[in-house]
Amino acid sequence: MKLDKKDIFKALENITVPGEGQNMVESGAVKNVITFGDEVIVDITIQNPSLQAKKRTEVDILKTIHERVDEKAKITVNVKVEAPAEKPKANVIKGKPIPGIQNIVAVASGKGGVGKSTVTANLAVTLAKMGFKVGVLDADIYGPSIPIMFDVANEKPLAVNIEGKSKMKPIENYGVKVLSIGFFTKPDQAVVWRGPMAAKALNQMIFDAHWGELDFLLLDLPPGTGDIHLSIMQSLPITGAVVVSTPQNVALADAKKGVAMFQQDSINVPVLGIIENMAYFTPAELPDNKYFIFGKEGAKHLAEDLNVPFLGELPLVQSIREAGDVGRPAALQTATPLEQAFEKLTQNVVQEVVRRNDDLPPTEAIKITTMAGCSAVKK
């Protein structure tokens, strides 16, 4: 009997390649079929390198052709293995979730002096006023200012025993739990540490603290894009980041780098949006006047250019600075334009967190593709 190629292909459509869903003809595994009288040669390529898969493929082809085409056919099966090329594995460092903390939001800035800590403090107290359980970790190791802004600069965290382990109890004021390196240094003491030492101190404040149940943990990051940022993002699964900038070009250039840092493939932390601080100045005696001292809507335009949400603007008002200096954030004021501005801003942040959690999977790992110049934080 003379075998027909079409009959062979039709028979092979009834065989599934080991480890694949399609039959071996649809998947392209069958590379060639040659017939000559009662002889047939089948060249097939599979991706499973195991001996069992190769043997099963050969047996299935022999059996199927004998049953469906010709039981006396002389069959030769050439099985070739082409395993898919393995991608180089990134050095994946798992971010450890902290039990009880729902959302971790990093507040960052590319440049110092744009009011990042002030924004963090006012976001925190506004969230607390809205009924959320809030904590603030002052990750600005070299310039901790959160203790002053919460009027707890002279406080010292106590040790509490949790399930047989000694943990730091954060200082609490205005309904916000706070931890900072400032609690462990003297007011006039400079923190002169290299990156690994600073990262170790941060790790202790993160994992050796009893934060309890929190809806939001805000991280007040130091300015720039450096070792502290990498260490934090290696240690924690950050929900998203907020970038603070003033409208002026010098600050915007650095804010752009801050956004780019979070959006790198090796970091991949969602950017919740950009906040424009010191957007305009309004004198108390001229409440209807706006003076755009640092430029107009620079951060808003940057957000549009980078295709990230614009979370809102905050005015340059003397009372914001005064409130921070005396340790009572301006957002605690009642029935004032400042309270309304911080409420609107905070609502936008919460909205973006909710949208991020609905649209994106949880942040589980920060993929560091190179460890050159940075020290991995281990726990």
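Biologist: What covers the buried residues of H8?

Modeller: This is a predicted model, where local features need pLDDT of at least 70, side-chain atom pairs count only at pLDDT 80 or more, and totals for chains, interfaces and linings use all residues. Residues are numbered from 1 along each chain as its sequence is written, and side-chain values use heavy atoms, with hydrogens and water left out. Helices (H or I, at least four residues) and strands (E, at least two) are DSSP runs, numbered from the N terminus. The cover, judged by contact (heavy atoms within 4.5 Å), includes helix H7 (249-263), strand E13 (271-276) and strand E14 (310-313).

Biologist: Which residues of H8 are buried?

Modeller: Buried means under 20% relative accessible area, exposed over 50%, partly exposed in between (1.4 Å probe, protein chains only). H8 spans residues 298-306, and its buried residues are Gly298, Ala299, Leu302 and Ala303.

Biologist: Why do they count as being on the same side of H8?

Modeller: The arc is that of the directions from the helix axis to the C-beta atoms. The four buried residues, Gly298, Ala299, Leu302 and Ala303, are on the same side of H8 because they cover an arc of only 135°.

Biologist: Is Val308 buried or exposed?

Modeller: Val308 sits in the loop between H8 and E14. Its relative accessibility is 10%, so Val308 counts as buried.

Biologist: Which residues does Val308 touch, not counting those up to four places away in sequence?

Modeller: Val308 also has a C-alpha atom 5.5 Å from that of Gly273, 35 residues apart along the chain. One of the residues touched is Ala303, itself a buried residue of H8.

Biologist: Where does UniProt place the feature "binding site"?

Modeller: The entry is unreviewed, and such annotations may be inferred rather than shown by experiment. UniProt places the feature at Gly110, Lys111, Gly112, Gly113, Val114, Gly115, Lys116 and Ser117.

Biologist: Is Gly110 buried or exposed?

Modeller: Gly110 lies in the loop between strand E5 (101-108) and helix H3 (116-129). Its relative accessibility is 18%, so Gly110 counts as buried.

Biologist: Which residues are in contact with Gly115, leaving aside its neighbours within four places in sequence?

Modeller: Gly115 lies in the loop between E5 and H3. Gly115 is buried, with a relative accessible area of 15%. Its contacts are Val244, Asn277 and Met278.
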